[in-house]
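This report goes through a few local features of one protein model.

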Amino acid sequence: MPSYRNVALAMFLTLHGALGFGLRSSSSTIARRTMSKATTTTVYSTAEATESEKETPIKNEEAYSKVKMEDIVSLCKRRGIIFPSSEIYNGFAGFFDYGPLGSELKKNVKDSFWRHFVQRREDIVGIDSSIIHNPTTWQSSGHLDGFSDPMVDCKETKLRYRADQLFCSPVTMEECGTTVGFVCVLEANDEDMVKAANTQAKKLLKENDRKGQKIQPFAFKDLTQVSEEEMGQIPSPGSGKPTLTMPRDFNLMFQTNVGAMQDGSSVAYLRPETAQGIFINYKNVLGTSRQKLPFGIAQIGKAFRNEITPRNFIFRSREFEQMEIEYFIPPGDDVWQPFHEKWIADSRAFLESVGLRDDLMGYDVHEGDGLAHYARACTDITFKFPFGEQELMGIAARGDFDLTSHSEGSGKTLDYFDEETKEKFIPHVIEPSLGVDRCILALICSAYAEDEINGEKRNYLSFHPSIAPVKVSVLPLVKNKEPLVKAARELFEKLQMRWNVSWDQTGAIGRRYRRADEIGVPFCVTVDFETIEDDGAVTIRDRDTTEQVRIPMDEVVPYLSKMIDGY
């Protein structure tokens, strides 16, 4: 016969299993499990779910396609992932702060990159170079002369825009082919650009007494491709009138001064990329690490770019982090291609391993004018953000440009001596480069999920367990039974030794499941009366499937380790 406490527990959960996520469906479940006290040391399934959770969640596969960028921004702030910087002072454009969950997510992404490409490989070592280098570094690398973006200014509003992020199109009548003016829109996904252009075109047609007449499809091109005559007709996004200047270069590096004096001799720059810190340390690493070609040097660190128009949240900001590798290889036209292709495949595999959706990723192969003057090849792994498909990670074959430039600029020899062939040469480089912030934005987009359980809608973040900000939430079934809470607390403190875990003892168990789902916690561990009175086991619930299993207490850590870390 079931104990009085078990019967009481069944009644409690039947009444208070909020949102249909209670641990027990009826007193009969407890009766069956109380009468069957066979012990086990292996994982076994139980009927832990309520009727609603027994039903397989029906996932809404179209949820992400309907999400707008403002939804992602709101989600990040509401759940403590990312905040606008200096918000109490009305913010500061192009800068962001990572909150409690965001800082954990960011750390997990960087740790995953480091484990994957440095700790688990024998041919790559890491460094951490300074943010400010000798200014001559940037002269040799070409950043002082060539690190710029084309900009246009609105002469009326004084607003400044990147010329390659503004797109114009003539408004041409379908019937007679007459051009009545131009529209100008900010870069976005195709649907949003056409929508904004249509709004402007309707106004233009009305002004020209052509309201309701049909026009030809828009032929967008960015403002770096327009003539001076065309610029005289293109409206500024700020004023709505043709008040834009012709494009001109704007250097993106942040300038500062080092030392007590503020004159030309004290000028220095915040690094705009982490790559140059690797190149100027190439000789030191080669001399101390005993590496031989091919080998790589990795770095994760802050970089700064004075973006003309920072936009799309953390996708394009003025302070950001990069995860870069410079992989040094022998020279030769027949050498670099296999390495480049291998790094493209390895980079894609890493992105998938941390939870990026395969169906949202693609490739963009740079050709012709799209290649840097020194590059032999460059392929971007792209991602379909709410504002359009954009570069996520670049893999470039940079030749020997960087080491040669720094060798000439410094007067130091940066060649490599091959002991087998007895030859000296400047190594060539394959560069995989991934922005931490862009990766985090892509992970949040990939994790955005909606499903339906027994007719009830659920929103959650399906982060991969390895990068989830909180790995496990420990839930004592009730908070006023000291032995139960003590057992749950001991397990919680044990799990804290391995992962970032949360403690939640307030509210019905279903509500607590929902709170964990919303922030992407992959596993909830519930400690109940049977844990302390009967089988010494706990219930572990999976976020994505809502399936639950009963695990002996001493097997919880090995089980979670396999699910989270893969071993």
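## Strand β26 and its neighbours

Strands β26 and β27 (residues 537-542) run antiparallel and are joined by four bridges. Helices (H or I, at least four residues) and strands (E, at least two) are DSSP runs, numbered from the N terminus, and two strands pair if DSSP finds at least two bridges between them. Cys 524 has Arg 541 in β27 as its bridge partner. Strand β24 (residues 472-476) runs parallel to β26, with five bridges between them; here Val 474 stands opposite Val 525.

Five of the five residues of β26 (residues 523-527) are buried, so the strand is largely enclosed by the rest of the structure. Buried means under 20% relative accessible area, exposed over 50%, and partly exposed in between (1.4 Å probe, protein chains only). Phe 523, Val 525 and Val 527 cover one side, and Cys 524 and Thr 526 the other.

## Basis of the model

The model is predicted: local features need pLDDT of at least 70 and side-chain atom pairs count only at pLDDT 80 or more, while totals for chains, interfaces and linings use all residues. Residues are numbered from 1 along each chain as its sequence is written, and side-chain values use heavy atoms, with hydrogens and water left out.

## Aromatic pairs

Rings of Phe, Tyr and Trp (its six-membered ring) pair if their centres lie within 6.5 Å; planes under 30 degrees apart count as stacked, over 60 as edge-to-face and the rest as tilted. The count by this rule is 20 aromatic pairs. In one of them, the ring centres of Phe 279 and Phe 328 are 6.3 Å apart and the planes are at 80°, so the pair is edge-to-face. Phe 279 belongs to helix α10 (residues 275-279) and Phe 328 to strand β15 (residues 319-329), so the pair ties together parts 49 residues apart in sequence. Phe 279 is buried at 0% relative accessible area, and Phe 328 is buried at 0% as well.

One aromatic cluster is formed by Phe 113, Phe 117, Tyr 327, Phe 339, Trp 343 and Phe 350.

## Charges over rings

A charge sits over a ring if NZ of Lys or CZ of Arg is within 6 Å of the ring centre and within 35 degrees of the ring normal. Arg 541 has its charged end over the ring of Tyr 513, 4.3 Å from the centre. Arg 458 lies over the face of Tyr 460, at 4.1 Å from the ring centre.

## Ser 466

Ser 466 is in the loop between β23 (456-461) and β24, and is buried with a relative accessible area of 16%. Beyond its neighbours within four places in sequence, its contacts (heavy atoms within 4.5 Å) include Asn 108, Ser 353 and Ile 564.
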